[in-house]
Amino acid sequence: MVNKAGDSIERDELLTVDLDGNEIEPVESSFRHVNKLEAATIDDYLSLIVKSVYWLQPDEGSEMTLLLDHLSDGRIYSFPFAYRDGIETDEAFLVGTKSDAFLVVGDQATLRYMTFDQPVNLDSPDEDEVSADDLDFDLL
């Protein structure tokens, strides 16, 4: 790693920035602190692109039994989740029954709805069409 002058720099001198050059604050792992749960809707949960699912098993008599009572009533909770320290979080949802809880982690999908009479353009404007004449098998 070098700077603009070509001099070596240490890793702790690096800053994480966004596309506008603003510094991004690092995110601490969710396992290092108490997470604040927010009530979530079923629509938010169902529009999640799932990355991971964790089965949570509470100890007998633990404080999590109160959470299981809420989850068994059909409530859903969410919070920002980071498996390890980094620069971004995923969205996590807690769902469950009276005996089992699940932590479902992922990203929200961007859903675009259409009407029946709306024309659909399936071609991507950024991709050029490749014909059979463009393929050169001599390199194989």
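Strand E2, residues 48-56, gives the most to the lining of the second largest pocket, with three residues. Strands and helices are DSSP runs numbered from the N terminus, a strand (E) having at least two residues and a helix (H or I) at least four. The model is a predicted one: local features need pLDDT of at least 70, side-chain atom pairs count only at pLDDT 80 or more, and totals for chains, interfaces and linings use all residues. Residues are numbered from 1 along each chain as its sequence is written, and side-chain values use heavy atoms, with hydrogens and water left out.

Let me stay with this pocket. Its volume is about 220 Å³. The lining comprises 14 residues, and those nearest the centre are Phe 81, Ala 82, Tyr 83, Glu 88 and Asp 90. By class, six of the lining residues are nonpolar, three polar and five charged. Here Ala, Val, Leu, Ile, Met, Phe, Trp, Tyr, Cys and Pro count as nonpolar, Asp, Glu, Lys and Arg as charged, and the others, Gly among them, as polar.

How is such a space found? Rolling a probe the size of a water molecule over the atoms shows where empty space is left. On a 1 Å grid over the protein atoms alone, a cavity is a set of points where a 1.4 Å probe fits but cannot get out, whereas a pocket is an open set with protein on both sides within 12 Å along at least five of seven lines; lining residues have an atom within 4 Å of a point. Points are joined across faces, edges and corners, and the volume is the space filled by probe spheres set on them.

I turn to the largest pocket, which holds about 340 Å³ of space. Its lining includes Ser 30, Phe 31, Met 64, Phe 79, Phe 81 and Leu 103. Helix H2 (64-72) and strand E3 (76-81) are the elements that give two or more residues to this lining. What classes of residue make up the lining of the largest pocket? Ten are nonpolar, two are polar and none is charged.

Ser 30, one of these lining residues, is found in the segment before E1. With a relative accessible area of 6%, Ser 30 is buried; buried means under 20%, exposed over 50%, and partly exposed in between, for a 1.4 Å probe and protein chains only. Apart from neighbours within four places in sequence, Ser 30 is in contact with Asn 35, Phe 79, Pro 80, Phe 81 and Ala 82, contact being heavy atoms within 4.5 Å. Ser 30 and Phe 79 are 49 residues apart along the chain, and their C-alpha atoms are separated by 9.5 Å.

Next, the overall arrangement. The chain has two helices and five strands, which run β-α-β-α-β-β-β from the N terminus on. Five strands form an open sheet in the order E1-E3-E4-E5-E2, with antiparallel pairing. The edge strands are E1 (38-40) and E2, each pairing on one side only. Two strands count as paired if DSSP finds at least two bridges between them. Strands of a sheet pair through backbone hydrogen bonds, either parallel or antiparallel.

Within the sheet, how many bridges join E2 to E5? There are eight, and the two strands run antiparallel; Ser 52, for instance, has Val 105 in E5 as its bridge partner. A hairpin through four residues joins E4 to E5. E1 and E3 pair over three bridges, again antiparallel, and there Glu 38 has Ser 78 of E3 as its partner.

At 11% relative accessibility, Ser 78 counts as buried. Beyond residues up to four places away in sequence, Ser 78 touches Lys 36, Leu 37, Glu 38, Ala 40, Glu 91, Ala 92 and Phe 93.

Helix H2 lies across E2, E3, E4 (90-96) and E5 (101-108), running at about 85° to E4. Axes are lines fitted to C-alpha atoms, for helices over the stretch in contact, and angles run from 0 to 180 degrees between N-to-C directions.

Finally, the chain as a whole. Buried residues make up 17% of its 140 residues. Of the contacts with a separation of 6 or more, 62% are between residues 24 or more positions apart.
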